[in-house]
Amino acid sequence: MSSPAAAPEPAAASAEEGMTWWYRWLCRIAGVIGGMSCAFAGLWNCVTINPLNIAAGVWMMLNAFILFLCEAPFCCQFIEFANAVSARADRLRAWQKAAFYCGMAVFPVMLSLTLTTLFGNAIAFATGVLYGLSALGKKGDAISYARIHQQQKQMDEEKLTGTLEGQAL
């Protein structure tokens, strides 16, 4: 029997990271649009005779499927494991999603550096960047930065006067 505190809910996990509701929706929408761009560009990439372009196109369509599965499981409602995969993806931290999305978007570009792979994976990569920015956290206000700077300056002055007094003796 597992307790409710053992596994945090997806909303609680993103709330702990400081992600607001609108930023969470922005990341999800970017993921869906990134999945659509990967799917269309991947299909277009497969219409060639170059085997590396075909491999990059297939990888891009796989990226699109993964993006849809993680960010919009309602698009994959006829796949039995879609909700389980989406729930597991929601439990990942933002930096883990960022690394995963950026990594899977860079691989087809390394396989075949064409405009189709660049533009097709740009929005998927941007989704990873959005998750990465949310992992960094909020920017502090100017007052707290000034207070920290003043404390550091004061500590540096105390260290400097301590060393000068030590040399004078």
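**A residue and its helix neighbours**

Analyst: Setting aside residues up to four places away in sequence, Thr127 touches Cys27, Ala30, Gly31 and Tyr101, where contact means heavy atoms within 4.5 Å. The model is predicted, so local features need pLDDT of at least 70 and side-chain atom pairs count only at pLDDT 80 or more, while totals for chains, interfaces and linings use all residues. Residues are numbered from 1 along each chain as its sequence is written, and side-chain values use heavy atoms, with hydrogens and water left out.

Thr127 has its place in helix H6; helices are DSSP runs (H or I, at least four residues) numbered from the N terminus. With a relative accessible area of 0%, Thr127 is buried (under 20% relative accessible area, with a 1.4 Å probe and protein chains only).

Helix H6 comprises residues 115-136, and its axis comes within 7 Å of that of helix H5, residues 94-111. The two axes cross at roughly 165°; axes are lines fitted to C-alpha atoms, for helices over the stretch in contact, and angles run from 0 to 180 degrees between N-to-C directions. H5 and H6 are therefore roughly antiparallel, a term for angles over 145 degrees. H5 passes H6 in a left-handed crossing, in which the near helix is turned anticlockwise from the far one by less than a right angle.

Among the H5 residues in this contact are Trp95, Tyr101, Cys102 and Val109, and the H6 residues include Leu118, Phe125, Thr127 and Tyr131. By class, the contact of H5 with H6 has 15 nonpolar, six polar and one charged residues. Nonpolar covers Ala, Val, Leu, Ile, Met, Phe, Trp, Tyr, Cys and Pro, charged covers Asp, Glu, Lys and Arg, and polar covers the others, Gly among them.

H6 also meets helix H2, residues 21-45: their axes come within 8 Å and cross at roughly 160°. H2 and H6 are therefore roughly antiparallel to each other, and their crossing is left-handed. The contact of H2 with H6 divides into 13 nonpolar, 10 polar and one charged residues.

Ala39 lies in helix H2. At 23% relative accessibility, Ala39 counts as partly exposed (between the limits of 20% and 50%). Apart from its neighbours within four places in sequence, Ala39 is in contact with Met61 and Ala64. The C-alpha atoms of Ala39 and Asn63 are separated by 7.9 Å, although these residues stand 24 residues apart along the chain.

Methods. Helices (H or I, at least four residues) and strands (E, at least two) are DSSP runs, numbered from the N terminus. Angles under 35 degrees count as roughly parallel, over 145 as roughly antiparallel, 65 to 115 as roughly perpendicular and the rest as oblique.
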